[in-house]
Amino acid sequence: MDLNTLFDEAEKLKNDGRHKDAIEACEKILTKNLKHTEAYEEIGDNYLSLREYDKAQKALKQAIKLNTASANAHYLLGFVYSCTGEFNISVELLEKADELYPNHPEILRCLGWSMYHDGQKGRGVVILERSLFLAPQDPLILNDLGVCHLNEKNFDRASEVFKKTLIVDPNNEKAKECLNAVGFFKREYDKLRRKKSK
């Protein structure tokens, strides 16, 4: 089996949720070509799905070493650091991914989320809004943006965003839970404000 066929097979396995089999297919590629950047990226992506962050990190660092201009490897590694709560490193890698592949909604989604959680709240929200502008039907972007607005007590915008998620994806459990949370926190917040104004 040639490398391209093997790689296509690995992608198909990943899309079918067979992450361990996909990793094995990529490892076969690496036995034939140790400098196959995309194979390392795929390994990293599959380990990310399995939440094995150390292994994902190792594979993606190798991908970047082989191709410093890989937007995908920077994005995936930035995502790994976001998952492990190392938002400052995540922001750095995702900014690089955005520089290499500007205006990609998924890169911007992760960058906005990491920036927000790294303390750059205003910029994070602006980047998430830009990401949504580029992909207005994406439930992941909608939910991330909604959560940030909820955290900032921008209840009306949060509510609007979660309602839009449910139009796009009526069974989205996260959006349903968050919309309930918006209602609850808005009521509590209004009560507190009324108490203070007395």
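A residue counts as buried when its relative accessible area is under 20%. By that cut-off, buried residues make up 44% of the 198 residues in the protein chain. The model described here is predicted.

**Overall build**

The protein chain has 11 helices and zero strands. Read from the N terminus on, its elements therefore run α-α-α-α-α-α-α-α-α-α-α. Along the principal axes, the C-alpha atoms of the chain fill a box of roughly 75 × 30 × 30 Å. Of the contacts between residues at least 6 apart in sequence, 45% join residues at least 24 apart.

**Helices H1 and H2**

Two packed helices are described by the angle between their axes and the distance between the axes. For helix H1 (residues 3–15) and helix H2 (residues 19–32), the angle is about 165° and the axes are 7 Å apart. An angle over 145 degrees counts as roughly antiparallel, and H1 and H2 are therefore roughly antiparallel to each other. Their crossing is left-handed.

On the H1 side, the residues that meet H2 are Leu3, Leu6, Phe7, Ala10, Leu13 and Lys14. On the H2 side, the partners are His19, Asp21, Ala22, Ala25, Cys26, Lys28, Ile29 and Lys32. By class, this contact of H1 with H2 has nine nonpolar, one polar and four charged residues. An α-helix has 3.6 residues a turn, so residues three or four places apart point the same way.

**Helix H7 and what covers it**

Helix H7 (residues 105–117) has 13 residues. From its first C-alpha to its last it reaches 18 Å, close to the 18 Å expected at 1.5 Å a residue. H7 is mostly covered, with 12 of its 13 residues buried. The buried residues of H7 are Pro105, Glu106, Ile107, Leu108, Arg109, Cys110, Leu111, Gly112, Trp113, Ser114, Met115 and Tyr116. Charged residues are thus present in that list, including Glu106 and Arg109.

After H7 comes Gly119, whose phi is positive, near 100°.

Arg123 lies in helix H8. Leaving out residues up to four places away in sequence, Arg123 touches Glu95 and Met115. Met115 is one of the buried residues of H7. The C-alpha atoms of Arg123 and Gly112 are separated by 7.2 Å, and the two residues are 11 residues apart along the chain. Arg123 counts as partly exposed because its relative accessibility is 47%.

Most residues other than glycine have a negative phi, and most peptide bonds are trans. Arg51 is not a glycine, yet its phi is positive, at about 60°. Asn103 also is not a glycine and has a positive phi of about 60°. Arg51 lies in the loop between helix H3 (37–49) and helix H4 (53–66), while Asn103 is found in the loop between H6 and H7.

Are these two residues buried, partly exposed or exposed? Arg51 counts as exposed because its relative accessibility is 63%, and Asn103 is partly exposed because its relative accessible area is 42%.

| Residue | Relative accessibility | Class |
|---|---|---|
| Arg51 | 63% | exposed |
| Arg123 | 47% | partly exposed |
| Asn103 | 42% | partly exposed |

How values were computed:
Residues numbered from 1 in each chain as written. Predicted model: local features only at pLDDT ≥ 70, side-chain atom pairs only at ≥ 80, totals over all residues. Heavy atoms only, no water. Axes fitted to C-alpha atoms, helices over the stretch in contact; angles between N-to-C directions. Helix = DSSP H or I, 4+ residues; strand = E, 2+ residues; numbered from the N terminus. Parallel < 35°, antiparallel > 145°, perpendicular 65-115°, else oblique. Left-handed = near helix turned anticlockwise from the far one by under 90°. Contact = heavy atoms within 4.5 Å. Expected span 1.5 Å × (residues − 1). Buried < 20%, exposed > 50% of the residue type's maximum accessible area, 1.4 Å probe, protein only.
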